[in-house]
Amino acid sequence: MHGTRGVLIAADKFKGSLTAVQVAERVTAGLRRVVPDVEVEALPVADGGDGTVDAAVAAGFERREVRVAGPLGDEVTAAFALRGDTAVVEMAEASGLQRLPEGVFAPLTASTYGSGELLRAALDAGARTIVFGVGGSASTDGGAGMLAALGARFRTAAGEPVTPGGGGLAELAHADLSGLDARLASVEFVLASDVDNPLTGPKGAPAVYGPQKGASPDDVAALDAALAHYAKVLEEAIGPRAAEYAASPGAGAAGGIGYGALILGARFRAGIEVMLDVLGFAPALERASLVITGEGSLDEQTLHGKAPAGVAAAARAAGREVVAVCGRLALPAEELGRAGIRRAYPLTSVEPDVARCIADAGPILERVAERIARDFLS
């Protein structure tokens, strides 16, 4: 390799095994065993889903904690990240599946109220730009809980507040958005997601993502009808843009919280692109000649806006060589090549036993990194 010998590690977490920060540490250790003086820069990445706040903190943002409502209304401690007047808010911190008790699902009643409280905390902290990463939601309430936490009022025909969760929206008769937090009008609000589904219908939030939140086929039908009704009532309240947003890409992200964010004036962008901007990927790329990206599973999903695909696209555009590490590899070499990844190194190439790869992911990843060093650096 000529010129700069720098290596940039920009990998996502290996879900269930290693955080993005740990991936970077293990890869660095393996590279240095073969090339002790190699210059390594670590920039853990995330695509807007869970781990997004951690990635921002690793890149120098300050971690701020607040008590907010969890998906079932009980208090949880949620974090957001702040640097200057830019906040990174992760919906899963407040309203994610990981906030539900083990084995408990609440597809009809889980709410995004806590996500609204988290956004309010970011505004209170002085944020003028908010990157709102969405994914891994426990709720399918179309962002109604979030909007309520920010000052919207949703009432039944009897004038009562609707019950929390997507199921309760079937009873919605009146929506009043005049009380929304006025500060929202003056911030740059970015909806960061790797999901471009609309709110309802066969590709909508309930049909596509309801089942992973515990929704039965009957629940899916009920939620789809409730969200369609909710969009209709919002149309009466704020006019035709409510219907336009419901059909927009990203509206169906994270149980429809994308829809609520669009109602608040958010701009939808691919999560990994936003995060690379926020984390300072371009300047780090300038200093590197080899980029190592990766995530737990490199598969079909990866190619649709997940972190490694975004990293590879940006790195290749800058003329950098890209390789990937992963737990398991389910893509042929030519698909990887089209995505801009020169070669992938799964843990299973060192340790064929998958259970062992999961249990000992760290040490095995170091051995994988030694191979990368021998192939590309020595």
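Which residue takes a positive phi just after H9? Just after helix H9, Gly-265 takes a positive phi of about 100°.

## Basis of the model

This is a predicted model, in which local features need pLDDT of at least 70 and side-chain atom pairs count only at pLDDT 80 or more, while totals for chains, interfaces and linings use all residues. Residues are numbered from 1 along each chain as its sequence is written, and side-chain values use heavy atoms, with hydrogens and water left out.

## The chain as a whole

The chain holds 16 helices and 13 strands, where helices (H or I, at least four residues) and strands (E, at least two) are DSSP runs numbered from the N terminus. Its C-alpha trace spans about 75 × 40 × 35 Å along the principal axes. For 378 residues a compact globule would have a radius of gyration near 21 Å, and the chain agrees because its value is 21 Å; the radius is taken over C-alpha atoms, and the globule rule is 2.2 Å times the number of residues to the power 0.38.

Of the 378 residues, 54% are buried, a term that stands for under 20% relative accessible area, with exposed over 50% and partly exposed in between (1.4 Å probe, protein chains only). Among the contacts with a separation of 6 or more, 72% join residues 24 or more positions apart, a contact being heavy atoms within 4.5 Å.

In H4, 9 of the 12 residues are buried, so the helix is largely enclosed by the rest of the structure. These buried residues include Gly-114, Glu-117 and Leu-123, and just after H4 the residue Gly-126 takes a positive phi of about 95°.

In helix H9 (residues 253-263), 11 of the 11 residues are buried, so H9 too is largely enclosed by the rest of the structure. Among them are Gly-255, Gly-256, Tyr-259 and Ile-263.

## Helix H13 and its surroundings

Helix H13 runs over residues 307-317, and its buried residues include Pro-308, Val-311 and Ala-315. The buried residues of H13 pack against the helices H10 (271-279), H11 (281-286) and H12 (300-303), as well as against the strands S11 (290-298) and S12 (321-329). Just after H13, Gly-319 takes a positive phi of about 75°.
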